[in-house]
Amino acid sequence: MTISNDDDLKCLQDIGRIVAQTLAAMGKAIEPGMTTAELDQIGRSLLDRAGARSAPELDYDFPGATCISVNDEIAHGIPGARRIEAGDLINIDVSAEKAGFYSDTGASFAVPPVARRTERLCRDGRRALWVGIGQVGAGKPLAGIGQAIGRFAEKNGYTLVRNLASHGVGRSLHEEPTELATWPDRSERRVMQKGQVFTIEPFLSLGANWAENGDDAWTLYGEPRAPTVQYEHTLVATANGALVLTLPA
């Protein structure tokens with residue numbers, strides 16, 4: 001999607017704020033002993049209250065309102081009977097639709113007490129996301145995003161999962177521009193257009209380079225297995241840089 005008027009922008013800001021507030025509330029609600037289904041229900045209730053619909057349910061018939069991935073699961077985890085425990089690394093991905101507009105956000109949460117390397121991984125996952133966002137602007141090369149994140153990961157001793165890419169979003173959950181690498185990609189030649197809407201979502205890891213399928217149709221695991229975090233924002237490319245849509249306030 002490329003924004004063409006103020007009304008479109010206001011609608012995107014509205015759904016962006018909704019998913020951001022839902023993610024923040026779910027993160028605060030995490031506690032040992034609760035199930036991932038109970039955590040998902042919190043997200044569903046907040047989306048319903050705001051007049052929004054779960055995007056993965058709406059577009060892909062996903063079996064949950066949100067994706068909740070625990071430890072070795074790095075993406076698209078199905079909420080269920082699994083109980084959250086102290087020391088777990090939880091990734092929550094919230095995407096939703098309202099009035100025909102979509103937004104997508106995600107974050108990883110460490111359940112105390114956790115190892116210092118896990119705390120550092122979470123901190124640097126957030127930093128990697130903002131390093132990528134700093135490369136956004138109308139007329140800039142899309143390749144700059146992955147190049148900057150790649151330099152950050154290498155400098156700090158991390159790997160990047162290289163088959164889970166960012167994507168366009170706006171009128172549907174996944175649209176053009178597709179397959180936006182958050183790692184260095186020499187084949188990328190596209191340029192960001194003014195008003196273009198897309199996500200940035202690097203998967204920063206302590207060793208994983210790839211995502212592979214698990215036993216169900218959805219859940220993805222790191223290969224090799226290693227602690228991995230994902231942080232994601234939806235944004236608009238403007239002449240002055242990135243306008244981030246998925247901030248809670």
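Tutor: A pocket here is an open set of points on a 1 Å grid over the protein atoms alone where a 1.4 Å probe fits, with protein on both sides within 12 Å along at least five of seven lines; a lining residue has an atom within 4 Å of a point. The model is predicted, so to speak from the record: local features need pLDDT of at least 70, side-chain atom pairs count only at pLDDT 80 or more, and totals for chains, interfaces and linings use all residues. Numbering runs from 1 along each chain as its sequence is written, and side-chain values use heavy atoms, without hydrogens or water.

The second largest pocket has 17 lining residues, and nearest its centre sit L23, T105, G106, A107 and H233. Helix 1 (6-29), strand 5 (101-110) and helix 4 (116-133) each give two or more residues to that lining, with strand 5 giving the most, 5. (Helices are DSSP runs of H or I, at least four residues, and strands are runs of E, at least two, numbered from the N terminus.) Its volume is about 280 Å³, the space filled by probe spheres set on grid points joined across faces, edges and corners.

Now the largest pocket, at about 510 Å³. Its lining has 26 residues, with H76, A165, H167, H174 and E201 closest to the centre. Several elements supply at least two lining residues each, among them helix 3 (55-60), strand 2 (67-70), strand 7 (166-168) and strand 8 (175-180). Strand 4 gives the most to this lining, with 3 residues.
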